[in-house]
Amino acid sequence: MGLKKLINFLNKLENNNIFYKLNKVRNEAIMVEVAVPGQRWEIEFMENGTVEIEKFISDGNYYGTDEIDFLLGNFSD
C-alpha cells in the first residue's frame, strides 16, 4: 500500500509540473523533496504506510552576502 501512495503522489506532482527529487535519509523511508515558490517540502513515505510531511516556508526576506558569514559561523561544526 505504501508504494502505491508514493507512486500516486509522484504522478500528481508530474501532472502539475512540479519538480521533485527522491532521497533516502532514514532506513525505513523514501523522501520526496519538493521546491515551490516560497516553500520547500519534505514528504517521507514510511515502510509502515504512514506519510510524514515537513514544510519550510520562506519569510520573504532576502539577505546580502554578509549573511553567508553569519550562517557559516552559526551552523558549522
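Me: How many bridges join strand 1 to strand 2, and what is the bridge partner of Lys21 in strand 2?
Reply: In this predicted model, strand 1 (residues 20–23) and strand 2 (residues 29–36) run antiparallel and are joined by four bridges. The two strands form a hairpin, with five residues between them. Within that pairing, the partner of Lys21 in strand 2 is Glu33.

Me: In what order do the four strands of the open sheet lie?
Reply: The edge strands, each of which pairs on one side only, are strand 1 and strand 4 (51–57). Strand 3 (residues 39–46) is joined to strand 4 by seven bridges, and these two run antiparallel. The sheet is open, with antiparallel pairing, and its order is 1-2-3-4.

Me: Which strands does helix 1 touch, and what angle does its direction make with that of strand 2?
Reply: Helix 1 packs on the sheet, where it touches strand 1, strand 2, strand 3 and strand 4. The direction of helix 1 makes an angle with that of strand 2 of about 15°.

Me: Is Asn17 buried or exposed?
Reply: Asn17 lies in the loop between helix 1 (2–15) and strand 1, and its phi is near 55°, a positive value in a residue other than glycine. Its relative accessible area is 73%, and the cut-off for this class is over 50%, so Asn17 is exposed.

Me: Which residues form a nonpolar patch on the surface with Phe70?
Reply: Phe70 has its place in helix 2 (residues 66–75) and is partly exposed, with a relative accessible area of 46%. The patch has about 350 Å² of accessible area together, and the residues that form it with Phe70 are Leu71 and Phe75.

Technical notes
Residues numbered from 1 in each chain as written. Predicted model: local features only at pLDDT ≥ 70, side-chain atom pairs only at ≥ 80, totals over all residues. Heavy atoms only, no water. Pairing = 2+ DSSP bridges. Buried < 20%, exposed > 50% of the residue type's maximum accessible area, 1.4 Å probe, protein only. Patch = residues over 30% accessible without salt bridge, like charges linked within 9 Å, V, L, I, M, F, W, Y side chains within 5 Å. Areas by Shrake-Rupley, 256 points an atom, 1.4 Å probe, with all protein chains shown as cover. Salt bridge = Lys/Arg side-chain N within 4 Å of Asp/Glu carboxyl O. Contact = heavy atoms within 4.5 Å. Axes fitted to C-alpha atoms, helices over the stretch in contact; angles between N-to-C directions.
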